[in-house]
Amino acid sequence: MDTTDSYYQEILDGLQQEGNLRSLPEAEHCEKWICRDGERLLNLSSNDYLGLAADRQLRDSFMAGLDEEEFLFSSSSSRLLTGNFSVYTELEKLMAETFGTESTLVFSSGYHMNTGILPAVTDSHTLILADKLVHASIIDGIRLSAARCIRYRHQDYRQLETLLSKNHADYERIIIVTESVFSMDGDVAPLPLLVEMKKRYPHVMLYVDEAHGIGVRGKHGLGVAEEQGCIQDIDFLCGTFGKAMASVGAYVACRKVLREFLVNRMRTLIFTTALPPVNVAWTKFVFGHLDGLQEKREHLAAISARLRDAVRAKGYDCPSESHIVPLTVGESGKAVLKACEFQRKGFYVLPVRPPTVPEGTSRLRFSLTAAVTDEDMDRLLEILD
């Protein structure tokens, strides 16, 4: 082994001993199943929350109406050069009209979104107040910014209020950053409370990541902000297309001036190749169908409530209010063994370990989809312990 590689191997060996070594699993997707070694496991680790990724009828309908100009597998350029195809404009116009916002802007990924917006709109005179459990991509965006950041205790809004009161006079702007549905605990932020706090102080903005809310929450599937009636009061209403919407990319709904500013200053938008037109066309197609998927949302909500109740009945602490339901077991090794047990019994559940979650909170993360039937849930609850 090269002497320079020994450093990396030692770290990998340490991860192995701690039960935190990762590898890329190979799995064949068979609609709602993971097929492996001749067995079918019910996929409970997918972000395909509405079950649209394997919906052949929806896919065939899209393909039948696909315009030849949109049937391109590469944009071959950034949006600021030649990659801004007309389908981008059509999607952003549709989304702005549906959200009732002045504008929207589409990005190549949720990671680009979260690592690009905050560095673009902040400077050394900005304070970011971020929930302790925001996603890693948001944390990376904060690190790339010139702003000062304080991360308040998870969903501790008394502490947030104290921080706003103490610091609002010392900064030109303060940005409160939160997720709507938190990706590991599955709990939901009270967005109207954050809006109220924002309005109480001058120069405060609100950034909400709806990655796990878009599509599955709200009467029309527009997310928690729709459900809680505060879309218009959020400065940066962000979300992704790669989960419930079964596509790729991300967006922000915002005021027109903020969109124009991002187009001029957001490095992860300016310096990356735009999404292929065929992907953007598929996103537009799926987004246009969200309103008609209420039955799927209601089914997902019902089976999620059943699982949450069962997990709590077994004595586990379960903060979830959504389709993401954690089963927290503590140590990494224990989580791995627990996941293997579920897989032996026909359920593809994966362990979530540090650094994704804090030490001592390793868990199984049940990520439910509308493709899971009541009968599937009956079988799962029978083996839950």
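Predicted model: local features only at pLDDT ≥ 70, side-chain atom pairs only at ≥ 80, totals over all residues.
The largest nonpolar core holds 88 residues, and the members that touch the most others in it are Phe99, Phe342 and Phe366. Helix α11, covering residues 277-289, gives the most to this core, with seven residues. There is also a second, separate core of 27 residues, and Ala130, Val134, Tyr207 and Cys254 are among them.

Now turn to Arg365, which you will find in strand β14, residues 362-367. Is Arg365 buried or exposed? Its relative accessibility is 10%, and because buried means under 20%, Arg365 counts as buried. Who surrounds this arginine? Again leaving out neighbours within four places in sequence, Arg365 is in contact with Leu44, Ser45, Asn47 and Tyr49, with Ser183, Met184 and His212, and with Ile324, Val325, Val349, Leu350 and Val352. For a sense of distance, look across to Thr98: it sits 267 residues from Arg365 along the chain, and their C-alpha atoms are separated by 32 Å.

Next come the helix pairs. Helix α4 (residues 110-121) packs with helix α5 (residues 136-144) at an angle of about 30 degrees, and their axes are 7 Å apart. Angles under 35 degrees count as roughly parallel, so α4 is roughly parallel to α5. The crossing of these helices, α4 and α5, is right-handed. On the α4 side, the contact is made by Gly110, Tyr111, Asn114, Thr115, Leu118 and Pro119, while α5 brings Ser137, Ile138, Asp140, Gly141, Ile142 and Leu144. Sorted by class, the residues where α4 meets α5 are six nonpolar, five polar and one charged.

The other pair is helix α6 (residues 157-167) and helix α7 (residues 191-199), whose axes come within 11 Å and cross at roughly 15 degrees. By that angle, α6 is therefore roughly parallel to α7. Their crossing, α6 with α7, is right-handed. Here α6 supplies Tyr157, Leu160, Glu161 and Leu164, and α7 supplies Leu193, Leu194 and Met197. What classes of residue make up the contact of α6 with α7? Six are nonpolar and one is charged, with no polar residues.

How values were computed:
Residues numbered from 1 in each chain as written. Heavy atoms only, no water. Axes fitted to C-alpha atoms, helices over the stretch in contact; angles between N-to-C directions. Helix = DSSP H or I, 4+ residues; strand = E, 2+ residues; numbered from the N terminus. Parallel < 35°, antiparallel > 145°, perpendicular 65-115°, else oblique. Left-handed = near helix turned anticlockwise from the far one by under 90°. Contact = heavy atoms within 4.5 Å. Nonpolar A, V, L, I, M, F, W, Y, C, P; charged D, E, K, R; others polar. Core = buried A, V, L, I, M, F, W, Y, C linked by side-chain atoms within 4.5 Å. Buried < 20%, exposed > 50% of the residue type's maximum accessible area, 1.4 Å probe, protein only.
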